[in-house]
Amino acid sequence: MEKDRSIYIKLFFIFCRLLVIFCMINLLNYVDRGTIASKSEWEGDFKLNNFEDGVLSSAFMVGLLVASPFSHNPFRLIGVGLSVWTLATAGCGFSFDFWSITICRMFVGVGEASFISLAAPFIDDNAPAAQKTAWLAMFYMCIPTGIALGYVYGGLVGNHFNWRYAFWGESISMLPFAILGFVIKPLQLKERYTTFLHSPKTTGKEFKAAQKISTQLASFWKDLRDLLVNKVYVTNVVGYIAYNFVVGAYSYWGPKAGYSIYHMENADLMFGGITIICGILGTLAGGFILDLIQSTISNAFKLLSGATFLGAAFCFGAFCSKNLYGFIALFSIGELLIFATQGPVNYVCLHCVKPSMRPLSMAMSTVSIHIFGDVPSSPLVGVLQDHVHNWRETSLILTSILFIASGIWFVGIFLRSIDRFDEEAEEGSPPVERSNPQPVLGTDPVQPSEST
């Protein structure tokens with residue numbers, strides 16, 4: 001009994017260390033997004049209009065969208081992806097025109113795709129049963145925190161040195177994690193997608209390889225069809241798309257809109273400070289509240305709908321305010337409520353599908369919210385602003401879309417939902433355990449057979 005307890009404690013701290021690594025990688029990804037959105041001098045160097053400015057903010061999504069559905073091979077792929085991210089951010093610092101930096105931004109997206117469908121299922125597998133949403137909230141807290149730090153970091157480096165140094169600093173910071181991806185012990189997720197990567201050696205060669213690829217592709221398309229007919233999943237993702245359309249545009253255009261409407265000389269620092277405080281508090285609060293009221297899919301939808309509606313109302317009121325201090329107070333409350341959705345929305349994505357489909361569920365959710373959400377939102381807001389030439393009006397139109405997201409998630413409350421976390425991954429196979437029995441960062445795991 002004492003030996004089992006010591007093993008449990010050892011594994012718990014191993015998983016905590018890996019959670020910290022995931023959080024740091026996620027944080028650096030979003031610092032980069034905040035940096036590109038900060039009010040630095042690179043826009044003037046390239047003489048961009050609002051539309052080109054918005055396209056540049058979304059360019060990194062191209063790499064993410066192409067790579068995310070294929071990111072099922074754990075840490076080695078993370079090492080490759082983060083190496084590409086490191087080189088691409090360094091390339092941004094050496095760019096000389098709009099197209100050169102746009103191409104580099106596209107390759108930046110590959111880095112995020114390399115671990116995005118691995119992190120959330122791992123956290124959900126290994127978090128204590130009563131704190132799953134809280135652990136997810138810690139991971140997704142890095143989104144607003146990273147963007148806010150990027151605002152401040154990009155603004156300070158750009159003003160005191162040169163905007164190119166900001167990208168070079170990001171590249172150096174990510175390099176240790178890229179190296180870690182190649183040297184860390186392989187992660188064993190109990191998912192169908194990993195069985196192809198750890199199967200015993202066979203004598204078949206080309207035929208066996210073709211058969212394996214064919215089987216994997218057939219499985220992929222079957223699971224994709226299952227996702228598309230899952231009403232709970234589709235409702236959650238559609239609401240998330242509308243939400244991300246607004247938040248993505250906020251994160252990019254926020255400092256510029258604040259500078260124009262309220263003549264903020266330190267718009268990067270102001271928006272960065274609001275976002276980092278409200279992002280941390282809101283994201284953690286959303287996760288802890290859902291755990292407190294009992295983590296169910298129905299309760300998650302209630303929290304999503306209510307928090308988003310109230311957050312939209314406060315943000316709408318903020319942009320109506322003529323006074324800077326009134327704007328700061330209302331917008332802070334609005335962001336606090338809006339960021340409370342991060343844990344619950346990803347909880348639904350993970351628990352409304354069977355365990356073997358969770359990596360695909362997270363990958364397709366990410367692809368959808370980007371390709372229909374923040375990828376088009378920044379350029380479209382730029383086009384709208386070029387047309388109306390009024391940042392207050394543009395911001396109010398954008399904020400109203402949050403009410404649509406709230407309505408979509410409200411519908412989810414009334415859908416028949418089943419938590420499928422403990423459902424059998426395959427017919428006749430045992431349910432997925434709530435903890436990983438093998439160390440990830442310690443001694444070598446015992447392999448049942450030598451992998452190919």
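## Packing of H16 and H17

H16 passes H17 in a right-handed crossing (the near helix is turned clockwise from the far one by less than a right angle; left-handed if anticlockwise). The contact (heavy atoms within 4.5 Å) joins Asn 346, Cys 349 and Leu 350 of H16 to Arg 358, Ser 361, Met 362 and Ser 365 of H17. By class, 3 nonpolar, 3 polar and 1 charged residues take part.

The model is predicted, with pLDDT of at least 70 needed for local features and 80 or more for side-chain atom pairs, while totals for chains, interfaces and linings use all residues. Residues are numbered from 1 along each chain as its sequence is written, and side-chain values use heavy atoms, without hydrogens and water.

## Packing of H14 and H16

The axes of H14 and helix H16 (residues 342-351) come within 9 Å and cross at roughly 150° (lines fitted to C-alpha atoms over the stretch in contact, with angles from 0 to 180 degrees between N-to-C directions). H14 is therefore roughly antiparallel to H16 (angles over 145 degrees). Their crossing is left-handed. By class, this contact has 9 nonpolar, 1 polar and no charged residues.

## Asn 299 in H14

Asn 299 lies in helix H14 (residues 297-320), a DSSP run of H or I with at least four residues, numbered from the N terminus. Asn 299 counts as buried because its relative accessibility is 14% (buried means under 20% relative accessible area with a 1.4 Å probe, protein chains only). The Asn 299 side chain reaches the backbone oxygen of Ile 293 at 3.2 Å.

Note on methods
Helix = DSSP H or I, 4+ residues; strand = E, 2+ residues; numbered from the N terminus. Buried < 20%, exposed > 50% of the residue type's maximum accessible area, 1.4 Å probe, protein only. Polar contact = N/O pair within 3.5 Å; in protein donor to acceptor, adjacent residues only side chain to side chain. Parallel < 35°, antiparallel > 145°, perpendicular 65-115°, else oblique. Nonpolar A, V, L, I, M, F, W, Y, C, P; charged D, E, K, R; others polar.
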